[in-house]
Amino acid sequence: MSGRRRASDRRETGTTARPGSPAIRAEGLTKRFGDKQALDGVDLEAPPGTVLGVLGPNGAGKTTTVRILSTLLRPDAGQAWVAGFDVLRDPEGVRGRLGLSGQYAAVDEKLTGRENLYLVARLYGMGRSAARRRADELLARFSLEEAAHRPSGTFSGGMRRRLDLAGALVARPAVVVLDEPTTGLDPRGRADTWSCIQELVAEGTTVLLTTQYLEEADQLADSISVIDRGRVIAHGTSAQLKARVGGERLSLTVPDPAARTTAYEIMGALGPHTPELDPRTGRLSVTTEHGARTLEYALGFLRQAEIAVHDVELAPPTLDDAFLALTGQVAKGEVAKGEVTPETAVPERAVSGQTVPERAAPPAPTVPGPAAGHPAAGQSVAGPPVTGQSVAGQPVADVEATAQLRITAPAPPAPPPSAPATPAPSAPSPVEAS
């Protein structure tokens, strides 16, 4: 046999495998590009048969970490192991156990979809018949059978992405690294990819998933590491990261554009968190630590101000909320045009060992008086707003006390109801004949 061994042989004779070790482990990874510190001591760990989600804003160091773990880049310092093989001492052992799908689809545009997968299988050491069978299996799994004999250069972006994902699974690797795998996919393609990842994990495969779709990490990841400025700033399950934010999210829609500023001020005065307003839809939301109590107060004051609202929702924090609190940035760097958000940095507070921005309370709202032609009627709203805050200019001493706030306004109407939130076989191509 020639000096060049097949991947299957390398997997059997690897000398640096560590039995019983995590499927993925990184310790103190650092990497600098010129004057930019891309990684500054990254630690990661994923047990076998789990999904490790890696989140972070653009430029945080996610892709640099992926390149090191996949042996495409050497770190300046630190160690890493994949499937028990040392990334630095035995890169071939790592490559024999690793499947990689990078940010950009790596397919040969001149080859057909079937030829691309056949070629990858042959490079992994499979025989011709086994390579053809594996290619056909993956074409069916990723709904690419109808395009199997078309040059991949004619594929849509989503089809190219699915073909690249299929290529990462050709050798049935123990560890699969997916760097933003659903970018460019339509909702059906994304759902199919999620299903495929769940099937892989059920079969015992370990997946490292980097993504900027937070819903994706929430649905798939057993544990999540948040990277920012080259450091892991938080690690835990989705539920644990959400718990660091605390409180709940109160959201409602104000259909009348003229009433949104007043509604914003009323919502802001009920707690220390700054509300967010989408001016296109009138959707207004704010974080609260007092749940239903704050909801009761918000609806009461909005009724006093004769502001109609729809689609009222009180929900626990999302992974988006946790991401924003931990990184201090808007997910994917996107802010709706004209969206009302905090503009400057504010003092910080410690939450479960992390530093999270703390937002100052906005000024108390000025609740409008009666409309012309309506007699003034002194109304009172009872119930405890947030401790230490003021509503409509009135101080509140304690959340358990009953606050009698007299507001000159018409008698409120009844409260609005809350809304719930196999193709035929063909002759072998020139590529397959090799």
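1. Confidence. The structure is a predicted model, and the average pLDDT of the protein is 75. Of the residues, 71% score at least 70. Residues 1–16 have a pLDDT below 50, and in the model this stretch makes 19 contacts beyond near neighbours in sequence. The pLDDT is also below 50 over residues 329–422, a stretch with 178 contacts beyond near neighbours in sequence. Where pLDDT is low, the predicted coordinates should not be read in detail.

2. Helices α4 and α6. Helix α4 covers residues 113–123 and helix α6 covers residues 157–168. Their axes come within 9 Å and cross at roughly 20 degrees. Angles under 35 degrees count as roughly parallel, and α4 and α6 are therefore roughly parallel to each other. The crossing of the two is right-handed. On the α4 side, the contact is made by G113, N116, L117 and V120; on the α6 side, by L163, A166 and G167. Sorted by class, this contact of α4 with α6 has four nonpolar and three polar residues, and no charged ones.

3. Helices α4 and α5. Helix α5 runs over residues 128–141. The axes of α4 and α5 come within 8 Å, with a crossing angle of roughly 130 degrees, and that makes α4 oblique to α5. This crossing is right-handed. From α4, the residues that take part are G113, R114, L117, Y118, A121 and R122. They meet R128, A131, R132, A135, D136, L138 and L139 of α5. By class, the contact of α4 with α5 has seven nonpolar residues, one polar residue and five charged residues.

4. Helices α9 and α12. Helix α9 is made of residues 238–245, and helix α12 of residues 319–327. What is the angle at which the axes of α9 and α12 cross? The crossing is at roughly 60 degrees, and the axes come within 8 Å. The two helices are therefore oblique to each other. The crossing of α9 and α12 is left-handed. S238, L241, K242 and V245 form the α9 part of the contact, while L319, D321, A322, A325 and L326 form the α12 part. The residues of this contact divide into six nonpolar, one polar and two charged.

5. The sheet. Four strands form an open sheet, in the order β12-β13-β11-β14, with antiparallel pairing. From one strand to the next, the twist averages 15 degrees.

6. Strands β11 and β14. Strand β11 consists of residues 248–253. β11 pairs with β14 in the antiparallel sense, over four bridges. Within this pairing, L250 has L314 of β14 as its bridge partner.

7. A helix across the sheet. Helix α11, residues 291–304, lies across β11, β13 (283–288) and β14. Relative to β11, helix α11 runs at about 25 degrees.

Terms used: Residues are numbered from 1 along each chain as its sequence is written. This is a predicted model: local features need pLDDT of at least 70, side-chain atom pairs count only at pLDDT 80 or more; totals for chains, interfaces and linings use all residues. Side-chain values use heavy atoms; hydrogens and water are left out. Axes are lines fitted to C-alpha atoms, for helices over the stretch in contact, and angles run from 0 to 180 degrees between N-to-C directions. Angles under 35 degrees count as roughly parallel, over 145 as roughly antiparallel, 65 to 115 as roughly perpendicular and the rest as oblique. A crossing is left-handed if the near helix is turned anticlockwise from the far one by less than a right angle, and right-handed if clockwise. Contact means heavy atoms within 4.5 Å. Ala, Val, Leu, Ile, Met, Phe, Trp, Tyr, Cys and Pro count as nonpolar, Asp, Glu, Lys and Arg as charged, and the others, Gly among them, as polar. Two strands pair if DSSP finds at least two bridges between them. pLDDT is the predictor's confidence in each residue, from 0 to 100.
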